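User: Could you walk me through a few features of this one? I'll ask as I go.

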Amino acid sequence: VVVSIVIKCLKFSQKNKKKSQKREMGGCCSDIQGGQQAVRGGGGGGGGGRSYQQHHQQNPTTSTKSGVVEETTASNDAVDFFYRSQGLQALFTPLELSLSASKLLDRDILSKSDPMAVGYVKRKDGTLEEFGRTEVIMNTLNPVWIGKFSIAYQFEIVQPLVFRVYDVDTKFHNLPVESLKLKEQEFLGEATCVLSQIVTKQNKTLALKLQRKDGHGAIIDLGSLTVHAEEAISSRQAFEMIFHCTQLENNDLFSKSDPFLRISKIVEGGNVIPICKTEVVKDNLNPIWKPICLTMQQFGGKDNPLLIECFDFESSGNHKLIGKLQKSVADLEILYQEKAGANFLKASSVRHDHMKTLKGQLFVDEFCEKTMYSFLDYISSGFELNFMVAVDFTASNGNPRLPDSLHYIDLSGRLNAYQQAIFEVGELIQFYDSDKHFPAWGFGGRTTDGGLSHCFNLNGSPSESEVDGVNGILSAYSNALHRVALAGPTLFGRVINKAAQIASQTVSDNQRKYNVLLIITDGVLTDLQETKNALVKASDLPLSVLIVGVGGADFKEMEILDADNGKRLESSTGRIATRDIVQFVPMREVHGGQISIIQALLQELPGQFLTYMRSRNIVPHFGNDFHSPVG
């Protein structure tokens with residue numbers, strides 16, 4: 001059981017509902033626009049990202065906007081810390097798996113396949129548990145994915161892995177890869193191995209055959225899959241850089257090249273592992289790219305060699321190499337300091353073993369070292385999480401006196417949907433709440449005075465909203481059902497504004513607190529725009545909103561609020577949210593075994609927390625007795 005838990009923890013940033021890698025990196029499934037956007041690669045977690053050419057990991061990967069480093073992923077140290085506090089020591093080595101494939105089967109008629117890889121752990125009962133998806137790469141039969149998978153290597157057990165490759169249909173535009181239904185994609189083959197087979201190879205690289213069975217059960221070879229493993233590095237060190245090029249070679253006939261950079265690290269044995277790619281700058285031989293931020297997790301060390309390749313983007317997927325060069329991060333720092341350029345090289349058309357020096361040069365316009373503190377760094381140095389709870393009392397939940405109601409209290413002691421959510425969620429979130437006193441509200445109910453309220457104190461007090469611990473929430477909820485009549489409509493705006501007031505007060509009082517509002521609802525929302533307005537306004541505050549859906553309702557509106565298509569919420573006045581602060585978790589997926597409650601709840605919270613802290617340059621303050629949990 002512990003082994004299963006640890007594996008689930010380490011893949012926690014892989015989204016089972018659809019997330020984000022939410023964020024500034026872009027791209028949608030197999031479209032040209034998606035292919036032109038950046039992939040701020042890095043180590044860890046479930047690959048995948050929103051969809052095309054994007055992924056997210058367990059360790060911080062950043063993009064920048066207006067000079068602000070934004071957290072585009074959520075670190076899993078929140079999960080790890082929770083388990084270690086329960087006495088479950090992590091007896092494992094965290095690894096990152098990089099994947100590439102060659103000679104894939106071409107399923108498309110007018111172009112090449114758009115491949116995506118999916119990783120699974122094979123359980124003892126033979127069932128498969130997904131632990132990651134890569135980005136989709138457009139029009140290629142020889143993909144080299146940037147998205148990494150994280151997994152815990154445990155010496156003492158056999159860990160069977162299964163990798164499947166799919167051709168993603170181009171009609172699935174603007175969908176996160178995690179929400180893609182694999183049955184709707186073309187299956188390109190499967191490869192299996194045991195994790196120890198990879199790590200015991202001299203170069204930690206294993207080549208596997210991609211295969212499938214035909215209608216008669218015969219095995220058909222469908223190309224090959226290469227898996228490379230590296231031990232994950234824990235480090236706060238990162239470097240933000242801005243690149244530009246001059247006098248690039250023009251590969252286009254009627255226009256100029258559309259250049260982008262791909263940065264790869266060179267590992268033992270000479271293998272090349274892509275870690276990052278810039279966006280495409282259209283029709284420009286002197287491009288300037290947006291800032292990139294490379295973490296030590298990605299490149300391993302300042303003196304480790306990096307391969308920097310400049311390509312001319314082609315919508316067919318056959319990107320033309322403009323030139324390449326090899327530099328370490330230390331070399332790039334020297335280029336910045338000396339304001340010097342480095343010439344690209346390219347194989348001679350006459351002698352392919354001879355490298356020709358080109359006129360095109362790479363320059364480093366900005367180079368700065370950043371300290372990327374983790375979620376656990378902040379928590380361990382005294383930052384606190386302040387949790388608040390709001391419960392849906394609208395009539396759409398059904399008459400509480402009837403057994404089919406989501407609010408029905410079973411005299412046998414069996415928990416209803418809301419009690420289950422409060423108990424399961426509360427058991428976890430109270431771990432991170434220092435005083436375990438929860439402001440608790442109800443909304444959409446008619447209180448004892450006969451008035452309809454969209455934010456009333458759950459404990460019945462006219463002035464005090466706090467209750468003591470999870471049992472206090474359960475008790476207040478149960479008692480409220482006897483004195484509050486279910487009504488409606490379902491309005492989130494009031495409780496979000498109330499939580500925002502508390503969050504604003506923590507800023508005014510200079511408290512080292514981050515606030516989390518938990519909304520438990522049956523999912524029928526009637527004030528979508530008002531809720532958007534409240535969330536956009538609250539996005540400037542130290543606040544996250546976790547929405548837990550109970551019952552079998554259509555949760556499309558909740559998914560809109562989650563903004564997992566990469567598009568931030570917009571208010572009715574046209575204001576765009578500063579950051580994404582919403583996470584939606586359907587409890588039916590938790591109870592269906594698709595995701596663990598811990599994985600689901602801590603999926604995005606650390607990333608949202610870090611985005612807020614970093615955007616305001618708030619750093620942990622460590623005491624002399626503090627021992628960093630990160631190397």
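Predicted model: local features only at pLDDT ≥ 70, side-chain atom pairs only at ≥ 80, totals over all residues.

User: What does Phe-609 pair with?

Analyst: Phe-609 forms an edge-to-face aromatic pair with Tyr-378, at 5.4 Å centre to centre and with 75 degrees between the planes. Since Tyr-378 sits in helix α7 (residues 375-380) and Phe-609 in α15, the pair ties together parts that are 231 residues apart in sequence. Both Tyr-378 and Phe-609 are buried.

User: Which residues make up the cluster linked by ring pairs there?

Analyst: The cluster consists of Tyr-373, Phe-375, Tyr-378, Phe-383, Tyr-514, Phe-609 and Tyr-612, joined through ring pairs. For the model, the count of aromatic pairs comes to 18.

User: Switching topic: which residues gather in the patch of negative charge?

Analyst: That surface patch brings together Asp-435, Glu-464, Glu-466 and Asp-468.

User: Where is Asp-435, then? And why does it count as partly exposed?

Analyst: Asp-435 is placed in the loop that runs between α8 (417-429) and β20 (437-443). Its relative accessibility is 35%, and Asp-435 therefore counts as partly exposed, given that this class lies between the buried limit of under 20% and the exposed limit of over 50%.

Notes
Residues numbered from 1 in each chain as written. Heavy atoms only, no water. Patch = residues over 30% accessible without salt bridge, like charges linked within 9 Å, V, L, I, M, F, W, Y side chains within 5 Å. Areas by Shrake-Rupley, 256 points an atom, 1.4 Å probe, with all protein chains shown as cover. Salt bridge = Lys/Arg side-chain N within 4 Å of Asp/Glu carboxyl O. Lys, Arg positive; Asp, Glu negative; His and termini not counted. Charge placed at Lys NZ, Arg CZ, Asp CG, Glu CD. Helix = DSSP H or I, 4+ residues; strand = E, 2+ residues; numbered from the N terminus. Buried < 20%, exposed > 50% of the residue type's maximum accessible area, 1.4 Å probe, protein only. Phe/Tyr/Trp six-rings, centres within 6.5 Å; stacked < 30°, edge-to-face > 60°.
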